[in-house]
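This report describes the sheet, the helices packed on it and the aromatic contacts of one structure. Please keep the sequence and the coordinates at hand while reading.

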Amino acid sequence: MNKTKIILIIASSLDGRIAFPNGDGSNFGSIEDRKILSESLSQVDATIFGSGTLKVHQSTFLVKDIFSNLSDKQPISIVAGDLTNFSSEWLYFKQPIKRWLINSKMVNKKNNLNFDKEFTFKGSWKETLKLLNQEGIISIALLGGTQLINSFIQENLVDEIKITIVPKIIGGEYSWIPSFLERDISDSTNSWIIKSLQQLNTNEIFIHYTRK
C-alpha cells in the first residue's frame, strides 16, 4: 500500500498567525476560504487535528456541496492527543461523521466518548501513520493546531500545503510554526513549488504548494 499523503491546510494572516491573540480562530477565514476548505476536505480520506484544537472549538468543519448542503461523504475525523477534559456533550460527538482517536496514552476502552476506533501513538508519526494506512487511509488533511503541525514538520511528513493568506495583521503568539523548534528544518528537503495560486474576491490568496 502507498504511503499516506499528508496535506497541511491552514488559513494564515499576513504576519503568519492562525488564530487571534485570545485563541479564537473560528471566523478567521472568509466564506470563500471555507468553500475551498470544503472542496479540499472532500478529496481526502481523513482529517486530523490535536486534542487542544478540539477543546477550543468543540466541533469540526463539515464538508458541504455546491449548494451549501451537508455532503453525504464526510472524511473520517481523527483527533490526536488524550481524553483529558473531553465532554460527550460537545457538538463534535453529535456531528454526522466517523470519529477516530489516536491516544497519546494507552487506549482507554472504558471512556463514554463516541469514537468509532481508537489507536495508541507509536512514538513517531511515521510509525503511527502505518496503522492508519493499514485501515485504508491514504490521504489526510492536517488541520492543526501548532503542536501537531510542528510534529509532522519535524518528521518531514508534510507532502502538500494549502494555505489561504488572509489580509489581516493579527499579532499574538499563535503562529502555525512555533518560535522554538527541536531541530533546524531549513534543509534541502524542505522546499516547495507552487502548484496553483488563486486570488479570491475577498482579497485573500489561496496557494497550493507541493514538494519540490
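Which residues form one aromatic cluster?

## Aromatic residues

The cluster consists of Phe 49, Phe 86, Trp 90, Tyr 92, Phe 93 and Phe 115. The model is a predicted one. Searching the whole structure gives eight aromatic pairs.

One of the pairs is formed by Trp 100 and Phe 119, whose ring centres are 5.5 Å apart and whose planes make 55 degrees, a tilted arrangement. Trp 100 belongs to strand E4 and Phe 119 to strand E5, so this pair ties together parts that are 19 residues apart in sequence. Are the two residues buried or exposed? The cut-off for buried is under 20% relative accessible area. Trp 100 has a relative accessible area of 4% and is therefore buried; Phe 119, with 11%, is buried as well.

## The sheet

Nine strands make up an open sheet with mixed pairing, in the order E5-E4-E3-E2-E6-E1-E7-E9-E8. Strand E5 (117-120) and strand E8 (192-199) are the edge strands, each of them pairing on one side only. On average, and with direction ignored, neighbouring strands of the sheet are turned by 20 degrees against each other.

Helix H3 lies across E1 (5-13), E2 (46-50), E3 (76-81), E4, E5 and E6 (139-144), and runs at about 150 degrees to E4. Helix H4 (residues 146-154) also packs on the sheet, where it touches E1, E2, E3 and E6. The direction of H4 makes about 135 degrees with that of E6.

## Helix H3 in detail

H3 covers residues 125-134, and its buried residues are Trp 125, Thr 128, Leu 129, Leu 132 and Asn 133. Why do the buried residues line one face of the helix? Seen down the axis of H3, they fall within an arc of 150 degrees, so one face holds them.

At the start, a side-chain oxygen of Ser 124 comes to within 3.2 Å of the backbone nitrogen of Glu 127. After the helix comes Gly 136, with a positive phi near 90 degrees.

Technical notes. Residues are numbered from 1 along each chain as its sequence is written. This is a predicted model: local features need pLDDT of at least 70, side-chain atom pairs count only at pLDDT 80 or more; totals for chains, interfaces and linings use all residues. Side-chain values use heavy atoms; hydrogens and water are left out. Buried means under 20% relative accessible area, exposed over 50%, partly exposed in between (1.4 Å probe, protein chains only). Helices (H or I, at least four residues) and strands (E, at least two) are DSSP runs, numbered from the N terminus. The arc is that of the directions from the helix axis to the C-beta atoms. A polar contact is a pair of N or O atoms within 3.5 Å; within protein, one must be able to donate a hydrogen and the other to accept it, and residues adjacent in sequence count only if both atoms are side-chain atoms. Two strands pair if DSSP finds at least two bridges between them. Axes are lines fitted to C-alpha atoms, for helices over the stretch in contact, and angles run from 0 to 180 degrees between N-to-C directions. Contact means heavy atoms within 4.5 Å. Rings of Phe, Tyr and Trp (its six-membered ring) pair if their centres lie within 6.5 Å; planes under 30 degrees apart count as stacked, over 60 as edge-to-face and the rest as tilted.
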